[in-house]
Amino acid sequence: MTHVLLPVLDAFAGVRALVIGEAMLDSYLHGYSERLCREAPVPVVDVVERRDVPGGGANTAVNAAALGARVTFVSVVGADDEAERLGAALTARGIAGDGLLRDRKRYTLIKQRVLASGQILLRLDAGSREELGAAAEAELRARVRAAWREVDAVIVSDYGYGVLTPGVIAEIAALQAAAPRVLVVDGKDLRRLAHTRPTACKPNYCEAAHLLGLTNGHGEGRVEQIAAHEAELLALTGARVAAVTLDTSGALVFETGQPPYRTYTRPSSDANATGAGDTFVSALALALASGAPTHASADLASSAATVVVGRNGTTACSAAELRVLLTAQDKVLTTGDLAALADDLHRAGKRVVFTNGCFDILHRGHITCLSRAKALGDVLIVGLNSDASVRRLKGPTRPINRAADRAQVLAALSCVDHIVEFAEDTPARLIELARPDVYVKGGDYSLATLPEAPLVASFGGEVSFLPYLDDFSTTGILARIGARSGG
């Protein structure tokens, strides 16, 4: 994990980001309730604390800054007390408040949540939702033009509350055509932003289903439902990458010309998910602007979202918190660990998937197969050939990368849950310890030619063969490197 994702996180400090969108004030009124109201059968809440935090696009900006980027935030608010509170909350979190344009014809968007003993009882929403007037729109467009010249990444946060007018969107589209940036868009209706030609878009499941005209599904069925519409979703949004967030089920990531990729996250209560999408889109944009591959960017974004869904209310993930999470997720096990883990997993009724390989130079074919393998169960365990084992199988010039490095690269994939190194020529000993429900191998094998097939069958497991992607192999990559270097 540290070898792959942490350098990307380190690069966030060099990214200059512009966030455009609706600024909201999220206000939390905390108290306690010990009696009912005399006028109606409702609880009376004695408020003891008010906490104001940036919400909406403002929360996206706060997350980008907390992850280390230098952030410019532009939006339009009212000339009211809520705007002053929002400006102060932004300043306290390192975002300059002068990006908030005050418009006396508008009221600042505010979402007030009333809580008793930590439980939300009521939410009150207020603020202007009509489109900006001509003067405010012209000023916002001028601010966007001025900021665009100085940034590496642009994040558009469109809640459909009037700030992203057709004119503002046209301005973004023109700037992107003339001076392309890493442009990541997040909106209720991404069709409005399609002609900006975004690098990536981030609908949540409900937004994606609505966009595609689908009836909302439930549970894991949502993954298959959305996966069947990859081409349509990319076409409708105009994006090269579409990351559909699935709350506790992670995210499904589509990229033009590439197989789908799934990220996974630790389940958490939906009640804690406020603003997790803002965190995801911020981390995704910064990772892409840092030059990270799409799958690594998505995994890092999912990890950042995992941090915030573990807390109550609207909040941000800092670079330090994300670093702690990444370094704590040590997936490499010993064979002794594997035996104990397998017992726990089977007792818990988890469906265990096992696969193995050298994974010397991790490429798209590996990533796709591992992602598909994970989808066959709950926990994916990967057996990794030791250096000596690779030399016996591949020859004296291999491996290119040491086992410790190969393990860390695999660990950076959220679809991989555990990695165990083995020194033998076959993974039979690991299979005996793991007793997987599914054993996954590449499509160049068959039941007749796979030595481990009888072993898997002996404890009731099944074997699944996944097809290899054409033109993706470590041997092929090394041959192309040799050809280009003249070796």
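1. The secondary structure of the protein chain comes to 18 helices and 19 strands; both are DSSP runs numbered from the N terminus, helices being H or I of at least four residues and strands E of at least two. The radius of gyration, taken over C-alpha atoms, is 25 Å, close to the 23 Å that the globule rule gives for 487 residues, so the chain is as compact as a globular protein of that length. That rule is 2.2 Å times the number of residues to the power 0.38.

2. This is a predicted model, in which local features need pLDDT of at least 70 and side-chain atom pairs count only at pLDDT 80 or more, while totals for chains, interfaces and linings use all residues. Residues are numbered from 1 along each chain as its sequence is written, and side-chain values use heavy atoms, leaving out hydrogens and water.

3. The C-alpha trace spans about 75 × 65 × 40 Å along its principal axes. Of the 487 residues, 53% are buried (under 20% relative accessible area, with a 1.4 Å probe and protein chains only).

4. Helix H2 (residues 57–66) packs with helix H9 (residues 276–289) at an angle of about 50°, their axes lying 8 Å apart. Axes are lines fitted to C-alpha atoms over the stretch in contact, and angles run from 0 to 180 degrees between N-to-C directions.

5. In this pair, Asn59, Thr60, Asn63 and Ala64 of H2 meet Asp278, Thr279, Val281, Ser282 and Leu286 of H9, contact meaning heavy atoms within 4.5 Å.

Methods
Buried means under 20% relative accessible area, exposed over 50%, partly exposed in between (1.4 Å probe, protein chains only).
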